[in-house]
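Subject: Structure handover

Hi,

Here is the structure for you to look over. My notes on what turned up follow below it.

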Amino acid sequence: MELRRLARYDALVLTTLLWFMAKFVRYLFPPLFDPFQVAFGVSNTATGLAFSALMTVYALMQFPSGVVADRRGPVRVIAAGAVVAALGSLALVVPFPVPDLPVPVGPASTVPGEFLGVVGGMLLIGVGTGAHKTVAVRLLATVHEQRTGRALGVLDTVAAFGGVAAPLAVTYALPGWRGLFLASGLVVAALTVLFVRQTPRHLAGRGAVDNDGGIDGSLLGYLGLLRAPRVALFVGVTVAFAFGYNGVVAFLPSYLAADAGAGLGRAVGNTIYAALFVVALVQLGTGELTDRVGRLPMLFVTVVAAVAGAALLLSVRGVAAVGAAVVLFGVGAHGFRPVRSAYLMSLLPDDAAGGGLGVVRTVLMTAGAIAPGVTGFLIDTRGYDAAFAALGGSLVVALALLGLIALLSRER
């Protein structure tokens, strides 16, 4: 009897575990920036641009994956993405003989071919993981129609611990980083097989998964959702927030370890970096408070916390103080997510299904994806303090735009 009851949640469990692995393989890269720079002789700009490329293709997959899922069903899209991500991980296990790439500008005249092979694997991981979140949200909303909020809270909270496990795995688990990607690829492949076998039975007879409420699927049609002033302003909030957050997350391990940054060393820095994701548990609380206090007040609370954490990060020293700053930043950054989703869903029409959510996520995440490249360039040319100050400024812009939204809401 108990096993039968648990079987009702196998779609949630498997979807969440695949999203956990997607986060895990993506967040293996920031703690590896320093080893990559030593092994391949590349700069912060090069590693930052590589991560920006991963996040860009990840962002660009949101809209097409949502539209294809509307037409072909979510199981096929999620499974196909997982297979591509697994192939990307396995591609990083063995170095590929890629020719060096000449570059006309920058501190180096060429980019090593072996590093380009790593970038190729990163791009496959970006494409594969990019097919998951938008489609998973709709899948779980269909399977757990009466408990959608709880299901999505589980999805985001558990998956956030992929960011906890990744830096700890780089630091403590295996001696070589290629072994981490081998293990990741094999785990994703096994989960995909279980997902394909178990999930379709939950969708039998649920036609809502295969239509989008009358939306014709054109990109211009979905972009029309962004014309309303409050929607446009809120997209601005999330763009500015995503830029600041992605830039900090990409280079926080390097900042914490470097003498020019917090100077804590790699092991301590990676451990504190893991704490940034541990506090993702706050999402369960901010989601609950959103229902009780209201969406806009909780948006202000979470963004203010992120701004305060970023400011403290630049102004304090020592393990305890820097750790507290990272935790405060994490509380704001992670706590923002469920509130953002709830507010966004209140702004979008009911018939904005997979493709509607996908196009909005594409806009947001494409903007955030350029942050690592810009941040790496600023670190190389201006130093860590200037780079992280610029990221904090982006969070302040998000806060200012929230103020405009509050004024518009009051006028209504």
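This is a predicted model. Across the whole structure, a search finds 18 aromatic pairs. One of them joins F20 and F24. Their ring centres lie 6.5 Å apart, with 10 degrees between the planes, and the pair is stacked. Both residues belong to helix α2. They sit four residues apart, about one turn of the helix.

Next, the packing of that helix. Helix α2 covers residues 10–27 and packs against helix α3, residues 29–40. The angle is about 25 degrees, and the axes are 6 Å apart. Angles under 35 degrees count as roughly parallel, so α2 is roughly parallel to α3. Which residues meet there? On the α2 side they are V25, R26 and Y27. On the α3 side they are F29, P30 and P31. By class, this contact has five nonpolar residues, one charged and no polar.

Now the cavities. The count comes to four of 30 Å³ or more. Which elements give two or more residues to the lining? They are α2, α6 (74–91) and α7 (113–130). What is the lining made of, by class? Nine of its residues are nonpolar and four are polar. None is charged.

Best wishes

Methods. Residues are numbered from 1 along each chain as its sequence is written. This is a predicted model: local features need pLDDT of at least 70, side-chain atom pairs count only at pLDDT 80 or more; totals for chains, interfaces and linings use all residues. Side-chain values use heavy atoms; hydrogens and water are left out. Axes are lines fitted to C-alpha atoms, for helices over the stretch in contact, and angles run from 0 to 180 degrees between N-to-C directions. Angles under 35 degrees count as roughly parallel, over 145 as roughly antiparallel, 65 to 115 as roughly perpendicular and the rest as oblique. Contact means heavy atoms within 4.5 Å. Ala, Val, Leu, Ile, Met, Phe, Trp, Tyr, Cys and Pro count as nonpolar, Asp, Glu, Lys and Arg as charged, and the others, Gly among them, as polar. On a 1 Å grid over the protein atoms alone, a cavity is a set of points where a 1.4 Å probe fits but cannot get out, and a pocket is an open set with protein on both sides within 12 Å along at least five of seven lines; lining residues have an atom within 4 Å of a point. Grid points are joined across faces, edges and corners, and a volume is the space filled by probe spheres set on the points. Rings of Phe, Tyr and Trp (its six-membered ring) pair if their centres lie within 6.5 Å; planes under 30 degrees apart count as stacked, over 60 as edge-to-face and the rest as tilted.
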